[in-house]
Amino acid sequence: MDELVSVVLVTYNHESFIGRAMDSIVNQKHSFQIELLIADDCSTDKTGQIIKEYAARYPDVIKILKREKNLGPTKNLFNAYQQCRGKYIAQLEGDDYWTDAEKLQKQYDFLERNKEYVCVTHMHTDIDRDGKVIYGSWKGKAGKHTLKDFVQGDVMIGHFGTFFYRNFFGENIEKYSIIYRAHDYMGDVTLSLILLLQGFVYCMEEKMSVYRNMNIAGGTNWRSVNTQRDMDYESIMYSLRLLQWVKQYYGLTENGKKQMHKNVYLSLAYLKDHPGKKGINLLKSVYLQDEEKWGMVKYFVYMRKQKRAADGQKIK
């Protein structure tokens, strides 16, 4: 067992779930070594105590990443990535768990056989807080995924806990600090973009993990938090930061340029619904990023025609 796979487990206040998550990792059957890096973001419940108990039982596998203060979800995640030593990286959140004891081995074997792929994911099961299965909540499909699929917004390549990918961070890891700079919560979407910029992703049809899709009052998981935030504004700013990063390191495709134009349109719509300084500053930020003003004008004409068609009006 020469090769190493790094497993990142991010958690915050998951005392009711963290044990099952860790069991699903340490009980994996595999032909390689693993290191389990646990990034507890200063939990205020008994999560830390439970983690220490597991670390005592598996001292050669588990490494606890100490936090002096709460970093926030994506910065906590990025810090863990910085410390991964494995050839491959897998990941899981503390309130989710894996259901197939050979999950890691299956994904490892796939990437060993298929060098053109940078990542392999799989389908998963959504459950609510009572453990009941939620059907139809995941927009995903098995098979090959490309950057074009992602940009068009057709499907997601996989849920956070399904990712298994080549460790691309290396010495140039600061380049990928966009993982936390783009948004404080939405790290899986950013990671999807980064991976697809480097190659293909394959999603296995097997369901090998469970995601707790819970909306809890006062909860700290994304499903609970996003209902309390201005997601129209945050989504535009998130797209803006991602496009700036892609432009800096890779250059923008035609689809990327169209997304710039779309952001201006969305910003105008936001300003209409939220008149005031916040809306004005958002529009200004997005407009200044869009260098192709003529392309933006064409996009506005297109959207105007689309709206009129939807309203049943005659298009001139």
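**Close-up views of a predicted model**

**View 1. Ring pairs join eight named residues into a cluster: Y81, Y165, F168, F169, Y176, W245, Y249 and Y250.** The model is predicted. A search of the whole structure turns up 18 aromatic pairs. In general, the distance of the centres and the angle of the planes describe such a pair.

**View 2. F168 and Y176 form an edge-to-face pair.** Their ring centres are 4.9 Å apart. Their planes meet at 75°, over the 60 degrees needed, so the pair counts as edge-to-face. F168 is buried, and Y176 is buried too.

**View 3. Y176 also pairs with W245.** Here the centres are 6.4 Å apart and the planes stand at 55°, so this pair is tilted. The pair links distant parts of the chain, 69 residues apart. Y176 sits in the loop between strand 9 (164-166) and helix 6, while W245 belongs to helix 9. W245 is buried, as is Y176.

**View 4. The largest nonpolar core has 41 residues.** Y81, Y165, F169 and L195 have the most contacts inside this core. Several elements each supply at least two of its residues, including strand 1 (4-11), helix 3 (73-82) and helix 9 (231-249). A second, separate core has 30 residues, among them F32, I34, A55 and A90.

**View 5. Y81 touches residues beyond its sequence neighbours.** Leaving aside those within four places in sequence, its contacts include V8, I89, F160, Y165, F169 and L191.

**View 6. Two side chains lie over ring faces.** R57 lies over the face of Y54, at 4.5 Å from the ring centre. K278 lies over the face of Y233, at 4.4 Å from the ring centre.

How values were computed:
Residues are numbered from 1 along each chain as its sequence is written. This is a predicted model: local features need pLDDT of at least 70, side-chain atom pairs count only at pLDDT 80 or more; totals for chains, interfaces and linings use all residues. Side-chain values use heavy atoms; hydrogens and water are left out. A nonpolar core is a set of buried Ala, Val, Leu, Ile, Met, Phe, Trp, Tyr and Cys residues joined through side-chain atoms within 4.5 Å. Buried means under 20% relative accessible area, exposed over 50%, partly exposed in between (1.4 Å probe, protein chains only). Helices (H or I, at least four residues) and strands (E, at least two) are DSSP runs, numbered from the N terminus. Contact means heavy atoms within 4.5 Å. Rings of Phe, Tyr and Trp (its six-membered ring) pair if their centres lie within 6.5 Å; planes under 30 degrees apart count as stacked, over 60 as edge-to-face and the rest as tilted. A charge sits over a ring if NZ of Lys or CZ of Arg is within 6 Å of the ring centre and within 35 degrees of the ring normal.
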